[in-house]
Amino acid sequence: MIEFQHVTKRYAREATALADISLEIADGEMVFLAGPSGAGKSTLLKLIAAIERPTAGAVRVNGQDVGKLNRSGLPYLRRNLGLILQQQRLLQDRTVLANVMLPLLVCGASGSDAERRARAALDRVGLLDKALAAPLSLSGGEQQRVAIARAIVNRPKIILADEPTANLDRESANLVLDALRSFHGAGVTCVVSSHDEQILGAAGRVIYLKHGQLTDHWPSGASA
Ligand code: ADP
Ligand code: ADP
């Protein structure tokens with residue numbers, strides 16, 4: 001379970017990114033975070049991953065206050081999270097397979113075990129045939145699916161995806177969402193941000209943000 005209790009986040013000398021947010025995301029849920037650019041979606045995801053810490057209030061993941069984690073607690077949290085963040089690009093000088101193997105090797109898996117599991121993860125996102133390709137030779141949507149494979153290869157309980165369909169055409173966006181949904185179907189909690197109203201139309205639970213506050217619908221007059 002992910003729990004926000006009266007969470008406020010202010011960056012230094014900036015306006016408030018999140019203002020007094022309280023919400024709960026149950027284990028196994030698939031939740032979309034919606035709202036225009038600047039609404040606070042990335043900030044909310046970064047607070048869950050303890051990449052940022054709340055200015056006030058508490059963020060709990062499975063009962064643990066992640067804003068108070070120390071250096072030794074962070075790796076444990078992160079092992080249970082699959083992150084698909086905007087700034088985390090694939091390594092261009094390595095194959096798709098090597099990119100997906102990397103989190104396993106970092107955690108001490110043997111090369112053969114890492115390769116088997118990375119191939120299984122690529123198979124799940126429909127890209128096994130691209131295992132030996134260079135990331136740059138793939139389409140934007142395929143690169144996002146590789147990023148999903150890399151994020152889930154360690155079998156995390158929670159996936160956090162920040163705008164995974166940004167800049168993709170409709171068909172590629174749907175394939176990316178299908179990949180996320182298949183892990184949701186296998187019991188993984190998914191929190192996915194998007195400013196794409198069409199995607200949200202087909203989504204289940206949607207949490208709308210506007211100027212760092214919760215709102216119960218797509219903010220009218222907001223442009224993406
Ligand atoms: P979204 O993901 O919905 O586009 P963000 O969480 O990225 O929204 O941003 C929310 C607000 O916080 C924006 O006003 C943004 O400029 C500000 N912000 C985000 N990250 C930083 C940062 N590292 N330093 C200062 N301000 C930031
Ligand atoms: P493995 O035995 O290597 O885990 P699987 O075929 O069971 O092979 O899984 C395929 C890939 O999907 C693996 O790389 C695994 O890490 C990843 N995965 C992550 N989370 C799940 C999940 N909840 N259910 C199934 N597979 C998952």
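Reading ligand contacts and helix packing

A: A backbone N or O atom of Arg117 is found 2.9 Å from an oxygen atom of ligand 2. The model is predicted.

Q: How do I read that distance as a polar contact, and what is the cut-off?
A: A polar contact is a pair of N or O atoms within 3.5 Å. Arg117 gives such a pair through a backbone atom, at 2.9 Å from a ligand 2 oxygen.

Q: Which backbone N or O atom lies 3.3 Å from an oxygen atom of ligand 2?
A: One belonging to Ile152. For Arg116, a polar side-chain atom lies 3.2 Å from an oxygen atom of ligand 2.

Q: Which residues surround ligand 2?
A: Look for the residues around the molecule. Here they are Arg116, Arg117, Ala120, Ala121, Arg124, Ile152, Val153, Arg155, Phe183, Ala186 and Val188.

Q: What surrounds ligand 1?
A: Tyr11, Glu14 and Ala17 are among the residues around ligand 1. The list also includes the run Pro36, Ser37, Gly38, Ala39, Gly40, Lys41, Ser42 and Thr43.

Q: Which side chain has a polar atom 2.5 Å from an oxygen atom of ligand 1?
A: That of Thr43. An N or O atom in the Lys41 side chain is 2.8 Å from a ligand 1 oxygen. Gly38 uses a polar backbone atom, 2.7 Å from an oxygen atom of ligand 1.

Q: Now the helices. At what angle do H3 and H4 pack?
A: Read the angle and the axis distance together. H3 (residues 96-106) and H4 (residues 111-124) pack at about 120 degrees, with axes 8 Å apart. That angle makes H3 oblique to H4. The crossing of H3 past H4 is right-handed.

Q: Which residues of H3 and H4 meet?
A: From H3, they are Val96, Leu97, Val100, Met101, Leu104 and Leu105. From H4, they are Gly111, Ala114, Glu115, Arg117, Ala118, Arg119, Ala121 and Leu122. By class, this contact has 10 nonpolar, 1 polar and 3 charged residues. Arg117 and Ala121 of H4 meet H3, and both are also listed around ligand 2.

Q: At what angle do H3 and H5 pack?
A: H3 and H5 (residues 140-152) pack at about 30 degrees, with axes 7 Å apart. The cut-off for roughly parallel is under 35 degrees, so H3 is roughly parallel to H5. Their crossing is right-handed.

Q: Which residues make the contact of H3 and H5?
A: H3 supplies Val96, Asn99, Val100 and Pro103. H5 supplies Val146, Ala149 and Arg150. The classes are 5 nonpolar, 1 polar and 1 charged. Val96 and Val100 of H3 meet H4 and also take part in the contact with H5.

Definitions and conventions
Residues numbered from 1 in each chain as written. Chains lettered and ligands numbered in written order. Predicted model: local features only at pLDDT ≥ 70, side-chain atom pairs only at ≥ 80, totals over all residues. Heavy atoms only, no water. Axes fitted to C-alpha atoms, helices over the stretch in contact; angles between N-to-C directions. Helix = DSSP H or I, 4+ residues; strand = E, 2+ residues; numbered from the N terminus. Parallel < 35°, antiparallel > 145°, perpendicular 65-115°, else oblique. Left-handed = near helix turned anticlockwise from the far one by under 90°. Contact = heavy atoms within 4.5 Å. Nonpolar A, V, L, I, M, F, W, Y, C, P; charged D, E, K, R; others polar. Near = heavy atom within 4 Å. Polar contact = N/O pair within 3.5 Å; in protein donor to acceptor, adjacent residues only side chain to side chain.
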